[in-house]
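Have the viewer open while you read.

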Amino acid sequence: MEEGESSRVDGSRAGESDGATSADSGSSSSWKPSAKAFRPYVPPPQSSTWATLVKPGTLRVIVGKPLVARVTKDILETFQICNPNFKYSEALNPKRFLTNPSVGVLNDGHDNANSDLILHVNFVLVNMESKQRYIVKDILGHGTFGQVAKCWVSETNSYVAVKIIKNEPAYYQQALVEVSMLHMLNQKFDPDDKHHIVRILDYFVYQRHLCIAFEMLGSNLYELIKMNNYKGLSLNIVQMFSKQILHALIVMKDAGIIHCDLKPENILISTRVKPPEIKIIDFGSACMEGRTIYSYIQSRYYRSPEVLLGYPYTTAIDMWSFGCIVAELFLGLPLFPGASEYDLLKRMIEILGGQPPDDLLRDAKNTSKFFKHIGSIYRLEDDEAHNGVTSAYRVLTEEEYEARESKRPKMGKRYFNFVKLEDIIANYPYRKNLPEEEISKENLTRLALVDFLRGLVEFDPGKRWSPLQASHHPFVTGEPFTCPYKPLLETPRIPVIHTVTVDHNPGGGHWLAAGLSPQVSNSSRCLPQHGAHFQKLWKLR
Ligand SMILES: Nc1ncnc2c1ncn2[C@@H]1O[C@H](COP(=O)(O)OP(=O)(O)OP(=O)(O)O)[C@@H](O)[C@H]1O
């Protein structure tokens, strides 16, 4: 049984293949009963229906596949011959629930105790205004905001993913923001679908649930790593995905949108195209730059230092998460798998050999939770890598943290045999089948990767590279890596008032979105530099 399967249905699997059989035909009249749904025929007492005859699957245990195929062929006619009173009624089919729990306790019995709409296979979601029907076939995922269902659209002969938001005002409102931001990104910033952002197709309210239809995508990057047994992906794939994610981040920065939850689970592989293409999904936590409301954002492993410390944040937080994702694609494991926020910060400090800059620590709200202000200047342990940077703050020891917070911080296992980023990347085992002559090329690309990551997982959000700057790095462009990359400064953006107006009456009405214009920025080039960091990088070869 696959992960998550047990939670799908009350015991029985809501199989994709079942759905596909029915869906591919596009009509319920050609529905073929599943072989799993049979038990040997027992003459019914009087008038009987399908529901009284069919109990989920015993026949499969008794007979093999070919026999099942024969027995199930013309099954309705066979039943009719055996018992002329037999009537088939699809309405009486046992429902295969996709929502768990499937007991209707809210919203006149439509919703379960978690405010989720109770779905079953062949449940029909309807946009009442356009009359567009979405036939639910399976569940693709659950999340904070609700459920995502795989739905068949017979008019287009295709599947779409419909996110069905929980029937609660806060989720409804936030989901409208997702609709509005994605619409703006799709229509104004990426009309030709070239920037790796999921397409929104429709939105409507059904049974008091906001439903958002998206293009159907495939597995996410976490699943890809998992399928690869948590081994890292090859550098050319990491490079290809990095480039595509940067495309999306450039557009998002131009639009002034912060995703706020970038992680491998929210990057999906499109099944439509070859070579594989990824798309960013889940704008359910997104916000506009300069209008940041929430402080508790980003999934922990991908959380930026400024969010952790409670410092005003910008689109740069997505670049931090992006850096964490790129490292994870290469390593197969998260770079900073913090078991707690304290553990997360300690890991950042250990791996990067530094700490957030003093001006950030001075102004951040949560500094005292993690740092001690020692007044006199403190010389960081890893001076070599940071050219003798000093600080007036020292990170608390575990004991000091415990004394302050009255609880011991959770500390996770260290997975890598090396501590520093450079060493972790350089010593990561080579792919099994890597030819000898490829090794020096691989080493050089690894150097480029370290240099690339250094610009992304940079403590200082002001120094962290923008997506455009990062997109010119040799690791992304494939140019030979000859020196540490120094991006050109970006032209400051002319401040634009970003307004995201949400249509509070969805169902096919008008879209109101932000009026923005993308800003053109300088391209970047690599300037030679021969600092300690560069020499250290070359030593790795
Ligand atoms: N367009 C899509 N195509 C295929 N699967 C999708 C699509 N959109 C979402 N999913 C699946 O549904 C899951 C949940 O979607 P999403 O992340 O948008 O919901 P959420 O409620 O915001 O989740 P979270 O709690 O992670 O924020 C995803 O992890 C993915 O597996």
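An oxygen atom of the ligand sits 3.0 Å from a polar backbone atom of Phe145, a polar contact in the sense of N or O atoms paired within 3.5 Å. Keep in mind that this is a predicted model, where local features need pLDDT of at least 70, side-chain atom pairs count only at pLDDT 80 or more, and totals for chains, interfaces and linings use all residues. Numbering runs from 1 along each chain as its sequence is written, and side-chain values use heavy atoms, with hydrogens and water left out.

| Residue | Atom in the residue | Distance to a ligand oxygen |
|---|---|---|
| Lys163 | polar side-chain atom | 2.8 Å |
| Asp282 | polar side-chain atom | 2.8 Å |

On its own the ligand exposes 620 Å², and the protein buries 88% of that (Shrake-Rupley areas, 1.4 Å probe). The shell around the ligand has 20 residues, with Thr144, Lys163, Glu215, Leu217 and Asp282 the closest; a residue belongs if one of its heavy atoms lies within 4 Å. Strand 2 (132-142), strand 3 (146-153), strand 4 (158-165) and strand 6 (209-215) each give two or more residues to that shell (strands are DSSP E runs of at least two residues, and helices H or I runs of at least four).

Now the helices. Helix 6 (residues 169-189) and helix 8 (residues 235-255) pack at about 100°, their axes 11 Å apart, with axes fitted to C-alpha atoms over the stretch in contact and angles running from 0 to 180 degrees between N-to-C directions. Helix 6 and helix 8 are therefore roughly perpendicular, a label for 65 to 115 degrees. Met184, Leu185 and Phe189 of helix 6 meet Val251, Met252, Asp254 and Ala255 of helix 8, contact being heavy atoms within 4.5 Å.

Terms used
A polar contact is a pair of N or O atoms within 3.5 Å; within protein, one must be able to donate a hydrogen and the other to accept it, and residues adjacent in sequence count only if both atoms are side-chain atoms. Angles under 35 degrees count as roughly parallel, over 145 as roughly antiparallel, 65 to 115 as roughly perpendicular and the rest as oblique.
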